[in-house]
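Please look through the sequence and the model shown here before reading on. The paragraphs that follow go from the chain as a whole to a few of its aromatic side chains.

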Amino acid sequence: LVTTSKVDDLVVRNNRMYGSEIPLFVLTANDQTVYRTGMLVEGNYIDGGPNVNSSFGRGMYIQATAGTIRDNVLVNTNIGIQYMPYRHTTSGLIEGNSVSAALIGLYHNYQTKGAAAVTWEDNVVTVAPNDRLG
């Protein structure tokens, strides 16, 4: 589990994370006016395990931090990657990720007027098992 706030140049690379509701949580500590840059999240394997059915279960929850999220594998998540740039003026890139999610694979929200572009490309999303669907 990685939880951090107010960090520039964050690198999370080549890790294996299991069974947490939010294995990678990059937050703003309730300050959406301070934006961080230089993030690289690459080559990680994230397994939400039993949290696939958790209403809050996310593989990655990224707020107000621009950078690159690429070549990660996320399985057994309710929401795979949630990216919230708010009004960040630095662009983001989310590419080449493989996501297995029960509810939402890729979730781009809270991007406001004046924010830089965010590019989503070459990601693959499949449906994770979810026993609430029956």
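What percentage of the 134 residues of the protein chain count as buried? The value is 48%, where buried stands for under 20% relative accessible area, exposed for over 50% and partly exposed for what lies in between, with a 1.4 Å probe and protein chains only. This is a predicted model, in which local features need pLDDT of at least 70 and side-chain atom pairs count only at pLDDT 80 or more, while totals for chains, interfaces and linings use all residues. Residues are numbered from 1 along each chain as its sequence is written, and side-chain values use heavy atoms, with hydrogens and water left out.

The protein chain contains 13 strands and 0 helices, both being DSSP runs numbered from the N terminus (strands are E, at least two residues; helices are H or I, at least four). Its radius of gyration, taken over C-alpha atoms, is 14 Å, close to the 14 Å that the globule rule (2.2 Å times the number of residues to the power 0.38) gives for 134 residues, so the chain is as compact as a globular protein of that length. Along the principal axes, the C-alpha atoms fill a box of roughly 40 × 30 × 30 Å. Of the contacts (heavy atoms within 4.5 Å) with a separation of 6 or more, 73% are between residues 24 or more positions apart.

Turning to the aromatic rings, the count comes to 4 pairs, a pair being rings of Phe, Tyr or Trp (its six-membered ring) with centres within 6.5 Å, and planes under 30 degrees apart counting as stacked, over 60 as edge-to-face and the rest as tilted. One of them joins Tyr 83 and Trp 120, whose centres are 6.4 Å apart and whose planes stand at 85°, so the pair is edge-to-face. This pair links distant parts of the chain, since Tyr 83 belongs to strand β9 (residues 73–84) and Trp 120 to strand β12 (residues 118–121), 37 residues apart. Tyr 83 is buried at a relative accessible area of 2%, whereas Trp 120, at 25%, is partly exposed.

Another pair is formed by Tyr 86 and Tyr 110, with centres 6.1 Å apart and planes at 40°, so this one is tilted. Here Tyr 86 lies in the loop between β9 and β10, and Tyr 110 in the loop between β11 and β12, 24 residues apart. Tyr 86 counts as buried at 8% relative accessibility, while Tyr 110 counts as exposed at 55%.
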